[in-house]
Amino acid sequence: MSQVTDLRRVLVYTHNSIGLGHAVRVMAVIDGMRALLPSTDFLVLSGGSAPSIFLGEGIETIKLPGVRHDLDGPGQPFRPRYLHTLDRDAVFAWRGRLIRECLDAFAPDVVMVEHALAGLRGEAAPLLARARRLTPDGHVLVHLSRGIHCGAPMLLAPAASYPGLPPEAAVTGLYDAFYVLEERAVADVNREFFGDVAALEPRINYLGRIAARNAEELNGDKRVAELCLGRPLLLLSLGRHGRILELHARLLAALDRVPAALAGETLVVLDPYLPPEQVAAIKALPCAARVRFTPFIPCLEEIMAAAAVVVCRAGYNTVNELLVTGKPALVIPESHPSREQERRAGILSGRQAVVLTEQACLDGDPAAMLIDLLARPVRSATVRFDRFAVGRRIVADLRRLAREP
């Protein structure tokens, strides 16, 4: 590594078993970095179902066979997403072979692991085994984190369970740096997830939140213009977990009580992983007759900018997109034991958002809430997230680390 004159190749692993927010966030980081590294090759290993998020930006991508995390099933197991004739272990073994082959062929100077420290079920162990803290000729190893996690074992599973790593090696100890895309006041990663290890503290960097684009970069996507021919009353995007059918039924029925003077069009963005039977059931709702449905769109900020009110979850990217556009919103966090989305929703001010649990939305009066949100004064977006500042900080650190003996 002491022979490296600059960063030639960066490999990024993002497991993407659950949502596509991981991919959008990783692409924002890469975009910020490559402004300073125009000659550097980036390679993304992703299990997500939308490699176009990277390919559309000119980033080479290796698509790993998809798995899904069954959050609503007993024990929340992982399962193959599409390859139903293969069992889970076969799919993970295949993913592991692809990861090793990519590592050998690409020979990166830097490996960035997003979210799961050793990958799903330890599949990224080969990337860790060649970290420079274990191998003199190894690569710089850094971690990307959104800050608030569910605290699942996959984040901190013991190194002894990962093939290729010495049993005495702590997973966290193999990393040269940790980059947290959040403020420390919101999520103290060391205290909450790493056991408050003093030796790790100098390596943990809080870079603040990140978004794919800011308000001044929203310049009228043609597809969005076609979707928003009239003024949308409501942009509805509720993901795939929880009481999806009941929520759609309650919210769409509430539109009949919104005064005609405020009425516009309702646009429902369907999650790409929503089971087909649920999609059919939502579209068959009596109140869905005057609703327009559209397939998943990775970055919703263009549509948010054209909407009058947004109804959504409280995922990392969604909250940032609300902040960037300044749109009023009815926010219904997904319910997890860690209260992950509830914590993120708390970042939004009361002037911009009404935050309800699923049960409160089903029991309450969403029509009144939507009317109230529509009546609020239109505010200009004042929040800006600088992905290029994030990129500059990471690149400066990586250049320094790559030259250290």
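Which residues are buried in helix α14 (residues 366-375)? I come back to that in point 6; here are my notes on this predicted model, roughly in the order I'd look at things.

1. Overall make-up. The protein chain has 15 helices and 15 strands. Of its 405 residues, 57% are buried. Taking contacts with a separation of 6 or more, 75% are between residues 24 or more positions apart.

2. The sheet. There's an open sheet of seven strands, all set out in parallel pairing, and the order reads β3-β2-β1-β6-β7-β8-β9. The edges go to β3 (60-63) and β9 (204-206); each has a single partner strand, so one side of each has no neighbour in the sheet. From one strand to the next, the twist averages 20°.

3. Around β2. This strand (41-46) is mostly covered, with five of its six residues buried. On one side, β1 and β2 run parallel and are joined by six bridges, and Val12 has Val44 in β2 as its bridge partner. β2 also runs parallel to β3, this time with four bridges; here Ser46 stands opposite Lys63 of β3. If you want a reminder of what holds such pairs together, strands of a sheet pair through backbone hydrogen bonds.

4. β6, β7 and the helix across them. Strand β6 (residues 110-114) pairs with strand β7 (residues 140-145) in the parallel sense, over five bridges. Glu114 has Leu144 of β7 as its bridge partner. Helix α1 (residues 21-34) lies across both of these strands as well as β1 (9-14) and β2, and runs at about 150° to β6.

5. His15. You'll find this residue in the loop between β1 and α1. His15 counts as buried because its relative accessibility is 1%, against a cut-off of under 20%. Setting aside residues up to four places away in sequence, His15 touches His22, Gly47, Gly48, Arg95, Glu114, His115, Ala116 and Leu120. Glu114 in that list is also the residue bridged to Leu144 in point 4.

6. Helix α14. Back to the opening question: the buried residues are Pro366, Ala367, Met369, Leu370, Leu373 and Leu374. Looking down the axis of α14, these fall within an arc of 160°, so they line one face of the helix.

7. Asp397. This one sits in helix α15 (residues 387-403). Is Asp397 buried or exposed? With a relative accessible area of 10%, Asp397 is buried, because the cut-off is under 20%. Leaving out neighbours within four places in sequence, Asp397 contacts Tyr179 and Asn205.

8. How many cavities of 30 Å³ or more does a search of the whole structure find? The search turns up one. The largest cavity holds about 80 Å³ of space. Its lining consists of Val24, Arg25, Ala28, Ile210, Ala211, Ala212, Arg213, Glu301, Asn317, Asn320 and Glu321. Helices α1 and α11 (316-325) each supply at least two of the lining residues.

Notes:
Residues numbered from 1 in each chain as written. Predicted model: local features only at pLDDT ≥ 70, side-chain atom pairs only at ≥ 80, totals over all residues. Heavy atoms only, no water. Pairing = 2+ DSSP bridges. Axes fitted to C-alpha atoms, helices over the stretch in contact; angles between N-to-C directions. Contact = heavy atoms within 4.5 Å. Buried < 20%, exposed > 50% of the residue type's maximum accessible area, 1.4 Å probe, protein only. Arc of directions from axis to C-beta. 1 Å grid on protein atoms, 1.4 Å probe; cavity = no way out; pocket = protein on both sides within 12 Å on 5 of 7 lines; lining within 4 Å. Points joined across faces, edges and corners; volume = space filled by probe spheres on them.
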